[in-house]
Amino acid sequence: MIAVAFGLSDIGSNSFDDTEPASWDYTYINAIEPYLPKKESSFEGDTAINREEFTAIIGAVIGYSADYDNSLHEVFSDASKIDYDYRGYVAKAVADGIITGSNGNFRPKESALREQAFKVIYNIMKATEEE
């Protein structure tokens with residue numbers, strides 16, 4: 001979804017040990033790999049993506065950095081549960097109004113639902129049109 005929404009190009013291959021060139025998702029995985037904040041040996045495409053991972057990947061795609069300034073603790077009561085490698089991306093997405101939490105929480109380890117993903121992508125597209 002991210003690769004298509006942002007027009008990312010297949011870079012030809014990837015470094016994951018659990019992806020196959022014949023698989024339907026191979027070109028999308030290739031396109032998104034440069035934007036993954038954490039480099040792992042396995043892609044684990046059959047597992048759900050959580051909210052912090054999704055936000056960090058989206059943030060990397062639109063040019064955010066991983067720099068973090070502790071601002072999330074003022075916004076979310078569960079900010080300390082956000083993986084440190086993702087905090088800068090989440091903080092910038094919050095500051096830009098791309099993501100919001102619920103009742104003062106971000107719930108970083110919960111799966112990102114399709115409706116949430118679509119809303120984030122919509123918010124980015126809307127913000128881009130307004131620029």
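Lys-38 is partly exposed, with a relative accessible area of 23%. In this predicted model, the side chain of Lys-38 meets that of Asp-83 in a salt bridge, with 2.6 Å from N to O. Asp-83 is likewise partly exposed, at 21% relative accessibility.

The whole structure contains 5 salt bridges. One of them joins the side chains of Lys-109 and Glu-52, again with 2.6 Å from N to O. Because Lys-109 lies in the loop between H5 and H6 while Glu-52 lies in helix H3, this pair ties together parts that are 57 residues apart in sequence. Is Glu-52 buried or exposed? Its relative accessible area is 3%, and a residue counts as buried under 20%, so Glu-52 is buried. Another salt bridge links Asp-96 with Lys-92, where the closest N and O atoms are 3.3 Å apart. Asp-96 is partly exposed, at 38% relative accessibility, and Lys-92 is also partly exposed, at 38%.

The overall fold may now be considered. The protein chain has 6 helices and 0 strands, which gives the pattern α-α-α-α-α-α along the sequence. The radius of gyration of the protein chain is 15 Å, close to the 14 Å that the globule rule gives for 131 residues, so the chain is as compact as a globular protein of that length. Taken along the principal axes, the C-alpha atoms fill a box of roughly 45 × 35 × 25 Å. Among contacts between residues at least 6 apart in sequence, 63% join residues at least 24 apart.

The interior comes next. Buried residues make up 38% of the 131 residues in the protein chain. The largest nonpolar core has 34 residues, of which Ile-2, Phe-6, Leu-8, Ile-58, Leu-72, Val-90 and Ile-99 touch the most other members. At least two residues of this core come from each of H1, H2, helix H3 (51-61), helix H5 (84-95) and helix H6 (114-130). Which residues does Ile-2 contact, leaving aside its neighbours within four places in sequence? They are Leu-8, Ile-32, Phe-54, Ile-57, Ile-58 and Val-61.

Val-4, Trp-24 and Tyr-28 form a nonpolar patch on the surface, with about 400 Å² of accessible area together. Trp-24 is placed in the loop between helix H1 (2-5) and helix H2 (26-32). Its relative accessibility is 71%, and the limit for an exposed residue is over 50%, so Trp-24 counts as exposed.

The loop between H5 and H6 deserves a separate look. Asn-103 lies in this loop and has a positive phi of about 55° although it is not a glycine. With a relative accessible area of 76%, Asn-103 is exposed. Arg-107 is found in the loop between H5 and H6 as well, and its phi is near 55°, a positive value in a residue other than glycine. Arg-107 counts as partly exposed, at 25% relative accessibility. Thr-128, by contrast, is placed in helix H6 and is partly exposed, with a relative accessible area of 47%. Thr-128 and Asn-103 are 25 residues apart along the chain, and their C-alpha atoms are separated by 27 Å.

Conventions: Residues are numbered from 1 along each chain as its sequence is written. This is a predicted model: local features need pLDDT of at least 70, side-chain atom pairs count only at pLDDT 80 or more; totals for chains, interfaces and linings use all residues. Side-chain values use heavy atoms; hydrogens and water are left out. Patches are made of residues with over 30% relative accessible area and no salt bridge: like charges are joined within 9 Å, nonpolar side chains (Val, Leu, Ile, Met, Phe, Trp, Tyr) within 5 Å. Accessible areas come from the Shrake-Rupley method with a 1.4 Å probe; for residues, only the protein chains shown count as cover. A salt bridge is a side-chain nitrogen of Lys or Arg within 4 Å of a carboxyl oxygen of Asp or Glu. Helices (H or I, at least four residues) and strands (E, at least two) are DSSP runs, numbered from the N terminus. Buried means under 20% relative accessible area, exposed over 50%, partly exposed in between (1.4 Å probe, protein chains only). A nonpolar core is a set of buried Ala, Val, Leu, Ile, Met, Phe, Trp, Tyr and Cys residues joined through side-chain atoms within 4.5 Å. Contact means heavy atoms within 4.5 Å. The radius of gyration is taken over C-alpha atoms; the globule rule is 2.2 Å times the number of residues to the power 0.38.
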